[in-house]
Amino acid sequence: MFGLFKKDPAKRLQKQYEKLLFDAMQLQRKGDIMGYSMTTQEAEKIREQIEALKE
């Protein structure tokens, strides 16, 4: 019953991951390749955290 109000950390990380991928796409379209690669790197770190939580 008390777990009912707990937020799922994987869901929060998934939203953050998707936002970073979208931001990376926008940076790539603008021609900012350095920003794109940095943002993609951050997104991959979050993806690894999501995978660790699923195990």
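Helices here (H or I, at least four residues) and strands (E, at least two) are DSSP runs, numbered from the N terminus. The model is a predicted one, in which local features need pLDDT of at least 70 and side-chain atom pairs count only at pLDDT 80 or more, while totals for chains, interfaces and linings use all residues. Residues are numbered from 1 along each chain as its sequence is written, and side-chain values use heavy atoms, with hydrogens and water left out.

The protein has 2 helices and 0 strands. Its radius of gyration is 14 Å, well over the 10 Å that the globule rule gives for 55 residues, so the protein is more spread out than a compact globule. That radius is taken over C-alpha atoms, and the globule rule is 2.2 Å times the number of residues to the power 0.38. Along the principal axes, the C-alpha atoms fill a box of roughly 50 × 20 × 10 Å.

Burial comes next. A residue is called buried under 20% relative accessible area, exposed over 50%, and partly exposed in between (1.4 Å probe, protein chains only). By that scale, 18% of the 55 residues count as buried. The protein exposes about 4,900 Å², of which carbon and sulfur atoms supply 58%. Accessible areas come from the Shrake-Rupley method with a 1.4 Å probe; for residues, only the protein chains shown count as cover.

Helix 1 covers residues 9-30, and its 22 residues should span 32 Å at 1.5 Å a residue; the end C-alpha atoms are 32 Å apart, which agrees. The expected span is 1.5 Å times one less than the number of residues. Buried in helix 1 are Ala10, Leu13, Tyr17, Leu20 and Ala24. They cover an arc of only 80 degrees around the axis, which puts them on the same side of helix 1. The arc is that of the directions from the helix axis to the C-beta atoms. The spacing follows a general rule: an α-helix has 3.6 residues a turn, so residues three or four places apart point the same way.

The face of helix 1 turned away from its buried side carries exposed residues, namely Lys11, Arg12, Lys15, Lys19, Arg29 and Lys30. Arg29, for instance, has a relative accessible area of 62% and is therefore exposed. Arg29 and Lys11 are 18 residues apart in sequence, and their C-alpha atoms are 27 Å apart in space.

Helix 2 (33-54) is part of what covers the buried residues of helix 1. Helix 2 has 22 residues and reaches 31 Å from its first C-alpha to its last, close to the 32 Å expected at 1.5 Å a residue. Its buried residues are Gly35, Thr39, Ala43, Ile46 and Ile50. These cover an arc of only 60 degrees around the axis, which puts them on the same side of helix 2. On the other side of helix 2, Ile33, Met34, Lys45 and Ala52 are exposed.

The buried residues of helix 2 pack against helix 1. Contact here means heavy atoms within 4.5 Å. Thr39 shows the packing residue by residue: leaving out residues up to four places away in sequence, Thr39 touches Leu20, Asp23, Ala24 and Leu27. At 11% relative accessibility, Thr39 counts as buried. Ile46, with neighbours within four places in sequence set aside, is in contact with Leu13, Gln16, Tyr17 and Leu20.

The largest nonpolar core has 6 residues: Leu13, Tyr17, Leu20, Ala43, Ile46 and Ile50. Helix 1 and helix 2 each supply at least two residues of this core. A nonpolar core is a set of buried Ala, Val, Leu, Ile, Met, Phe, Trp, Tyr and Cys residues joined through side-chain atoms within 4.5 Å.

Two further positions in helix 2 can be looked up in the model. Gly35 lies in helix 2 and is buried, with a relative accessible area of 15%. Gly35 and Glu48 are 13 residues apart in sequence and 20 Å apart in space, C-alpha to C-alpha. Met38 also belongs to helix 2, but Met38 is partly exposed, with a relative accessible area of 44%. Between Met38 and Phe5 there are 33 residues in sequence and 35 Å in space, C-alpha to C-alpha.
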